Number of protein chains: 2
Amino acid sequence: MGINCNRVEHFSDNQAVPTETMPPLELHGVCLPPHKTTLEKLRDRLSEIFFPDDPLHRFKNQTCCQKLLLGLQFFFPVFQWGPNYSLNLLRSDVISGLTIASLAIPQGISYAKLANLPPIVGLYSSFVPPLIYSVLGSSRHLAVGPVSIASLVMGTMLSETVSYTEQPILYLQLAFTATFFAGVFQASLGLLRLGFIIDFLSKATLLGFMAGAAVIVSLQQLKGLLGIVHFTSKMQIIPVLSSVFMHKNEWSWQTIVMGTSFLVFLLTTRKISMKKPKYFWISAAAPLTSVIFSTLIIYLLQSKVHGIATIGHLPKGMNPPSSNMLYFHGPYLGVAIKTGIVTGILSLTEGIAVGRTFAALKNYQVDGNKEMTAIGLMNMAGSCSSCFVTSGSFSRSAVNYNAGAQTVVSNIIMASTVLVTLLFLMPLFHYTPTFILAAIIITAVIGLIDYQAAFRLWKVDKLDFLACLCSFLGVLIISVPLGLSIAVGVSVFKILLHVTRPTTVVLGNIPETQIYQSLGRYGEALRVPSFLILAVESPILFANSTYLQERILRWVREEEERIESNDESTMKCVILDMTAVTAIDTSGIDTICELRKMLEKRSLQFVLANPVGNVMEKLHQSNILESFGSLYLTVGEAVIDISASLWKAQP
Amino acid sequence: MGINCNRVEHFSDNQAVPTETMPPLELHGVCLPPHKTTLEKLRDRLSEIFFPDDPLHRFKNQTCCQKLLLGLQFFFPVFQWGPNYSLNLLRSDVISGLTIASLAIPQGISYAKLANLPPIVGLYSSFVPPLIYSVLGSSRHLAVGPVSIASLVMGTMLSETVSYTEQPILYLQLAFTATFFAGVFQASLGLLRLGFIIDFLSKATLLGFMAGAAVIVSLQQLKGLLGIVHFTSKMQIIPVLSSVFMHKNEWSWQTIVMGTSFLVFLLTTRKISMKKPKYFWISAAAPLTSVIFSTLIIYLLQSKVHGIATIGHLPKGMNPPSSNMLYFHGPYLGVAIKTGIVTGILSLTEGIAVGRTFAALKNYQVDGNKEMTAIGLMNMAGSCSSCFVTSGSFSRSAVNYNAGAQTVVSNIIMASTVLVTLLFLMPLFHYTPTFILAAIIITAVIGLIDYQAAFRLWKVDKLDFLACLCSFLGVLIISVPLGLSIAVGVSVFKILLHVTRPTTVVLGNIPETQIYQSLGRYGEALRVPSFLILAVESPILFANSTYLQERILRWVREEEERIESNDESTMKCVILDMTAVTAIDTSGIDTICELRKMLEKRSLQFVLANPVGNVMEKLHQSNILESFGSLYLTVGEAVIDISASLWKAQP
């Protein structure tokens, strides 16, 4: 081991004190991190919490004028791509804009029905919010408008308190108010840079949640597909199913036949486009085609067939203002706020995830907090112009991307198309049957059930699968907000469990190296006689300090038993490899101290190897380092140094 | 670098594939942990969660008969020390038993007053529970009886619903029922081996909580010390203080003079014993002495002084049975259960902490789960014999230890002394003034305010200090259960924050070694040209995967800017040191994959070094390892191997 070494100094300031006897052995001291005052630490910590992406870095070393321009571009991304906009880009955007419009119009009407709102609100919501997003948003592929999950949740949560059929004005008021609060909540998450809160809805949780919601939504559409008139407004699986079979006498065979045919048609087009992505336009065009055909059929058969529900009269004209309908007092305010927050979180999660997905595909970056502000402002504006909660829809954004959208101008094209529809084409929807809306909704949500992803979760991470299952069953059986809370609870529990019961492993030396690795995992690793080398894979905190103390003492006991039964040389030293101990608190420090005392009573030396920066700092601040004698930078150096001193002590 | 090396194989089963060109370079493969089925993993995980101390290890390799004896000893520790009990031990236990009895009698009466219960209940509670504990408990120094915090909390929580003065029977019923539920809760925590739940009340939280409770209790004692008759039953600082000053007309100078004198006497004796632990008997004997003197004074002055409240008549005799007073239905059941759980947790935490403290001093081990069962059973039995919540008291246990207690027999001696008092001496307490009880309580709780420990928290860990402050202020201003919940919330938030915003550091090489350490911390560490070596100090989970992705890309961007401004050689490779990444979930795996794709688009190689066992397993199960090419066991080997291949590529 012909390496040059220094004597260990635990408060090492990088001065090497040479040993007296073994000149060739050089140990490395363990350093403290550079000194910082409490205020500096607080500032660093806060900037890491709220500004991890260092949003101001592009303003560094710029002139005042450039800073102004950069600032404008920062707040209104339109100034970033606007100057370079060309006719070529416009052509792509017009094509993709028209494509998503053909999807947005039938889906808008359908999702408004899903939220128990008048169909026209769905069209209003496909006009104003996309325009606002096109000025503020930073994703180039997001197709903005109503989304299924948020619509469903809004419908459920509001219908539990107010019935649209009985109190339509109040229901509308609450819907716009909830939209307003959703916007406020989303914008403040973005402005306060608290965007990381939505990360707590893990992908696993969302997977289960969306599958559960899709099942419920699909079952609810049986109302439209079977032609049932009296249907429950509840959202749990049991009342919905019983509602379907309790009203068998209301089933209408004409509706069933036509609805099922169109559903099969839509599902087939979806299947084709999924198999061959270049035929994306088949599934993109199918909903509008179906709406046109079914409307024509009903119009032609109107004298012969009765009892088929249609949309009926829709008023012509642009979004009426609705700021006077916002509801800021009275008994239902709580419901509106709660609905706003839940739909706000859900639509935000979808919007951000969609934006990030397509940004990654085209290798640009979407700033989460800025997107949240944009989506929030768009919903706040929407709530004042008769729109309900909107976000970036996954299905329409995928179509937008495949149709070759280049910038948010495709949203403007879509909004213009919707405007034309609103101004001139509304009477055409009079005979559109509701079963076609049900079929469109089912086709849209069926893709949310991703059992393959669930299977992958099961294969890779059982606890993730559990979170997924909890949110699935919670939504299906209990309710949307409770199902979500349970799933978030399971995810947080997972983190706590990891910290409460961390892994501890016994390390051994890989021959002819200075590498120490888990004995259980590396067959070639060998125990070092007289040493027990342990690694703790977690921070040492109040939640696990008692456990770790007991567990380490158990390792020591088991090692002693093993040594006794194998008649090996006695244990002299326990080394704790702290490389993966990423934090420590006062309980953890007490545990380390107590362990040292307990092991010393058994005549065992207890040394620490490689504490990370903040752990080292805390050990230093609590003045316990003196009692430890020396700290080592690596397990290897600890073994070399202590072996040498043991050798000296026992000649 | 004259080391022998193998080629890296990411599914390495320890087979070394020699490289073609560089025979002296030997790399080490990264191993998977030994294969286990899902069921085996579940079993291992559950046994680690519920049986970390391997309680059955002592039964291994024993004959049937020995197993029976060990089982008996396991459930009734009395069989462990009983056979070796000697006259010598008995002498020590008698002395310490009598000492703690002299403390237990006045404190028992006082703490019962604190819980708004009749004083005699405090004596009953110092008789039955110690006897039961002496059979079941495994701590040799715990002095069992009523404790201040649990008494206070029970008094507060019950008084908020029922007033003792108005409905004494109902109040008593609820107190016994709460005690019963506290016992059930404690015993089931122990039996279900969920003892780790109390770890979530961190030391910092308890420090703040106890200080807050001590302040409130002391202020409440002003009622007795000032002789106020009408006093609030609330527990927040504002109503208590306003109650003190609103009833100035009720202040009685005789009570104030005598109360203050005795308080000063008691505090002085406490101070003396704290300074010189061998004079522990001074503070131990002081309360009983004060009770005797004050009773004598009041008895002698009874014709001259009026308006001094005394305890009054106390019934003679042993604990009456109270199982018929348990209350299992009706409107107050919820309050009783809630009070039971809160007082159960608090008394358990104190009892376990005290037991562990003295066990560590005498170098024996206390089994947490077994202690919980013992304390729980003792409270269940207590609730059927007119006792309220009891546990191991810190102050009395310290006296017990100092007085030389050797086994739980000292508890039996104490209980016998209390029995003698109950049977024969009760009339003597008739003239005991209540101000002396107030003075005793203040003296007992004042020690709970440990501002030095709080200062240490501030010095070492600011977030621990915040948890402490929150529980202190929460208890003082809001309420006991809410204060505790806030503090537990802060503690859990601390864990989540650590996971949500983990530390990432840039590593450099310490010259002439294979050691890679933080550049910011180790001045001698040097950047490796063409490499960016990052270490993540936390698991990669849903809660931080977005953050880590952004943060790592920011490190890359900053490194590119630095290279550009310094005109150094371009970056070729990003190495992620996974040593401290102690877990990964499906979101984390997706992040790693996406990072690899993003970095590859920038022509940067992305490699992982030293993933720990379970992370490696999950990376393997998710089939992403193929796309990574090679995994390295250490950063050093990664640098050597990749440098070599870069060298080959650019001749």
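Let's start at the interface: 73 residues of chain A are in contact with 73 residues of chain B. Contact here means that the C-beta atoms of two residues, placed from the backbone, lie within 7 Å. Which elements of chain A give two or more residues to that side? They are helix 1 (38-50), helix 9 (203-220), helix 19 (451-460), helix 21 (480-500), helix 22 (542-566), helix 23 (586-601) and helix 24 (613-621) of chain A. Helices are DSSP runs of H or I with at least four residues, strands are runs of E with at least two, and both are numbered from the N terminus. By class, this side of chain A has 29 nonpolar, 24 polar and 20 charged residues. Ala, Val, Leu, Ile, Met, Phe, Trp, Tyr, Cys and Pro count as nonpolar; Asp, Glu, Lys and Arg count as charged; the others, Gly among them, count as polar.

A word on the source. This is a predicted model, in which local features need pLDDT of at least 70, side-chain atom pairs count only at pLDDT 80 or more, and totals for chains, interfaces and linings use all residues. Residues are numbered from 1 along each chain as its sequence is written, while chains are lettered from A and ligands numbered from 1 in the order in which they are written.

Now confidence. pLDDT is the predictor's confidence in each residue, from 0 to 100. Chain A has a mean pLDDT of 85, with 96% of its residues at 70 or more. Where pLDDT is low, the predicted coordinates should not be read in detail. The model scores are ipTM 0.84 and pTM 0.83.

Next, symmetry. How are the two chains related? Chain A superposes on chain B by a rotation of 180 degrees with 0.0 Å of shift along the axis, at an RMSD of 0.1 Å. In chain A, the C-alpha nearest the axis belongs to A580(A), 2.0 Å from it. Both copies use the same surface: 99% of the contact residues of chain A recur in chain B.

On to domains. An automatic or database assignment sets the bounds. In chain A, domain 1 is 91-206 + 270-437, and domain 2 is 502-649. Their centres, taken over C-alpha atoms, are 58 Å apart.

Now the sheet in chain A. It is open, with five strands in the order 4-3-5-6-7 and mixed pairing. Two strands pair if DSSP finds at least two bridges between them. Strand 4 (516-518) and strand 7 (605-609) of chain A are at the edges, each with a single partner strand, so one side of each has no neighbour in the sheet. Neighbouring strands are turned by 35 degrees against each other on average, direction ignored. Strand 3 (residues 503-509) of chain A pairs with strand 4 of chain A in the antiparallel sense, over three bridges. There, G508(A) stands opposite Q517(A). Helix 26 (residues 635-649) of chain A packs on the sheet, at about 145 degrees to strand 7 of chain A. Axes are lines fitted to C-alpha atoms, for helices over the stretch in contact, and angles run from 0 to 180 degrees between N-to-C directions.

Last, chain B. In strand 4 of chain B, Y516(B) is the bridge partner of N509(B). Helix 22 (residues 545-566) of chain B lies across strand 3, strand 5 (531-537) and strand 6 (573-577) of chain B.

Technical notes:
Copies are superposed by least squares on the C-alpha atoms of residues with pLDDT of at least 70 in both.
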